[in-house]
Amino acid sequence: MTRNDWQDSRGNKDRSITRPGGSTMEQGSAPADRVETTNAFLVGDSMTGGYGQGPDILHDCTIAVDPGEIAVIVGPNGAGKSTGMKAVFGMLNLRKGSVRLDGEDITALSPQDRVVRGMGFVPQTSNIFTSMTVEENLEMGAFIRRDDFRQTMEQIYDLFPILRDKRRQPAGELSGGQRQQVAVGRALMTKPKVLMLDEPTAGVSPIVMDELFDRIIEVARTGIPILMVEQNARQALEIADRGYVLVQGRNAHTGTGEELLADPEVRRSFLGG
Ligand SMILES: Nc1ncnc2c1ncn2[C@@H]1O[C@H](COP(=O)(O)OP(=O)(O)O)[C@@H](O)[C@H]1O
Ligand SMILES: [Mg+2]
């Protein structure tokens, strides 16, 4: 496979290759891993920034997802995967770069306003209200809705039937996999145009992970593009239309899930050979 020459670690970042104002990508002859993101449905584009006045965690980092896609972000612990998600959701002040949703620059919007524009986000931690019932969690998810959300709730119960059975139970009493279903369900209550998930399968068994992936694929098939971080890199790339390997806040490898799984360097460094 041809190396991605604008996102590799060797410093060749000639944006004229892929960016507006430069030459456009040669149709058909562009390397498959030089993912075009300029017009992506949701894109955090060339993001540089960190927490507060602290050092930059993200360095010219680009992540994107298009309609009909599952995009997966993988990489070592501390690589900046969650930081990248938070940046796209507006929880970080970017020093450089932008975030665009459906053609609109939303870099200056608050997270709340991004939810109103159609972003659903399930953070890695503290993503449910443990003392509230399952159903109350879902109701909280509907906070921006002015219309009747009962039909959406029924759809979520159809997607995750166990949540219907446990709807009167405090969410904190549920298993790890069930809590993640509550968190995803809560995000779906806003009827998002795009869903962002940070490690939705953290701490669950392989069987539960497979089930969650199946449900996530089901959500994607309903037309909601999904941008997700996963620590189960191999399994996640198997369902990814688009994959990003982040290392130290930078794009290290980009391609389709299939391409990344086949890339000897990705395999050696990130997939255990
Ligand atoms: N709230 C925070 N304040 C300051 N630094 C943070 C914060 N959250 C994460 N970091 C730092 O940012 C870096 C990337 O962390 P993170 O994005 O959580 O990585 P990943 O999700 O890839 O494991 C780490 O060095 C981490 O210590
Ligand atoms: Mg993380």
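**Two spots in a predicted model**

Okay, let's start with a pair of helices: α3, residues 134-141, packs against α6, residues 176-188, at an angle of about 35°, and their axes are 7 Å apart. Keep in mind that this is a predicted model. The crossing of these two helices, α3 and α6, is right-handed.

So who meets whom there? On the α3 side you'll find V134, N137, L138, M140 and G141, and on the α6 side they meet V182, G185, R186 and A187.

Right, on to the strands. Have a look at β9, residues 242-247.

Now, which strands pair with β9? One is β3, residues 70-74, which runs parallel to β9, with 4 bridges between them. Another is β10, residues 250-255, and here the pairing with β9 is antiparallel, over 5 bridges. For that pair, find L246: its bridge partner in β10 is N251.

And how do you get from β9 to β10? The two form a hairpin, with 2 residues between the strands. Click on Q248 in that turn and you'll see a positive phi, about 50°.

To recap the strand part: β9 pairs in the parallel sense with β3 and in the antiparallel sense with β10.

Key: Residues numbered from 1 in each chain as written. Chains lettered and ligands numbered in written order. Predicted model: local features only at pLDDT ≥ 70, side-chain atom pairs only at ≥ 80, totals over all residues. Axes fitted to C-alpha atoms, helices over the stretch in contact; angles between N-to-C directions. Left-handed = near helix turned anticlockwise from the far one by under 90°. Contact = placed C-beta atoms within 7 Å. Buried ≥ 20, exposed ≤ 12 C-beta atoms within 10 Å, placed from the backbone. Pairing = 2+ DSSP bridges.
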